[in-house]
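Me: I have a model open and want to go through its contacts. Can you take my questions one by one?

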Amino acid sequence: MTLNVASIGALRLALILLSLISLPLVVFADMPPQGIGVLTAYVVPALVVIFFFVLLLDALMNRVFMIDQAPASRGERRVRMWLDLATAASLLLVWGTYFRSLLNA
């Protein structure tokens, strides 16, 4: 099975790309909330939590829909599921340390 961008889907691809763009922004999460700091201190951390749960929901729905599908479609949904789970794991790994530091403060 070959993986192409069209088989991933536009909305899922946008979700994954926005999630990956938010990964390096963790470095700027401690900026003072003035100007662009509002975006990195308040908006991006809130979006990361939303992205995380939507990625997990999408992975779950791919798994549920995989049950009654033909093997060819099952493989495509499996790739989508693992792509969602890998992106969610990267969000948890990178941003999880930042949220953990907020609990210790």
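Me: Thr87 first. Buried or exposed?
Reply: Thr87 counts as buried, because its relative accessibility is 5%. Buried means under 20% relative accessible area, exposed over 50%, and partly exposed in between, with a 1.4 Å probe and protein chains only. Before going on: this is a predicted model, where local features need pLDDT of at least 70, side-chain atom pairs count only at pLDDT 80 or more, and totals for chains, interfaces and linings use all residues. Residues are numbered from 1 along each chain as its sequence is written, and side-chain values use heavy atoms, with hydrogens and water left out.

Me: Where does Thr87 lie?
Reply: In helix 4, residues 71–104. Helices are DSSP runs of H or I with at least four residues, strands are runs of E with at least two, and both are numbered from the N terminus.

Me: Which backbone oxygen lies 2.8 Å from a polar atom of the Thr87 side chain?
Reply: That of Leu83.

Me: And which residues is Thr87 in contact with, leaving aside neighbours within four places in sequence?
Reply: Ile16, Ser19, Leu20 and Leu55. Contact means heavy atoms within 4.5 Å.

Me: Switching to charges. How many salt bridges does the structure hold?
Reply: The structure holds 3. A salt bridge is a side-chain nitrogen of Lys or Arg within 4 Å of a carboxyl oxygen of Asp or Glu. One of them joins the side chains of Arg12 and Asp58, at 2.6 Å from N to O. That pair links distant parts of the chain, with Arg12 in helix 2 and Asp58 in helix 3, 46 residues apart.

Me: Is that pair buried or exposed?
Reply: Arg12 is buried, with a relative accessible area of 15%. Asp58 is also buried, at 17% relative accessibility.

Me: What else does Arg12 form a salt bridge with?
Reply: With Asp84, where the closest N and O atoms are 3.9 Å apart. Arg12 lies in helix 2 and Asp84 in helix 4, so this pair ties together parts that are 72 residues apart in sequence. Asp84 counts as buried, because its relative accessibility is 0%.

Me: What does Glu76 pair with?
Reply: Glu76 forms a salt bridge with Arg80, with the closest N and O atoms 2.8 Å apart. Glu76 and Arg80 are 4 residues apart in helix 4, so about one helical turn separates them. Glu76 is partly exposed at 29% relative accessible area, whereas Arg80 counts as buried at 14%.

Me: Now the nonpolar side. How many residues has the largest nonpolar core?
Reply: It has 13 residues, and those with the most contacts inside it are Val48, Leu55, Leu91 and Trp95. A nonpolar core is a set of buried Ala, Val, Leu, Ile, Met, Phe, Trp, Tyr and Cys residues joined through side-chain atoms within 4.5 Å.

Me: Which elements give two or more residues to this core?
Reply: Helix 2 (10–22), helix 3 (37–66) and helix 4. The largest share, 5 residues, comes from helix 3.

Me: What does Trp95 touch, not counting residues up to four places away in sequence?
Reply: Ser22, Leu23, Leu25, Val26, Ala29, Val44, Pro45 and Val48.

Key. A polar contact is a pair of N or O atoms within 3.5 Å; within protein, one must be able to donate a hydrogen and the other to accept it, and residues adjacent in sequence count only if both atoms are side-chain atoms.
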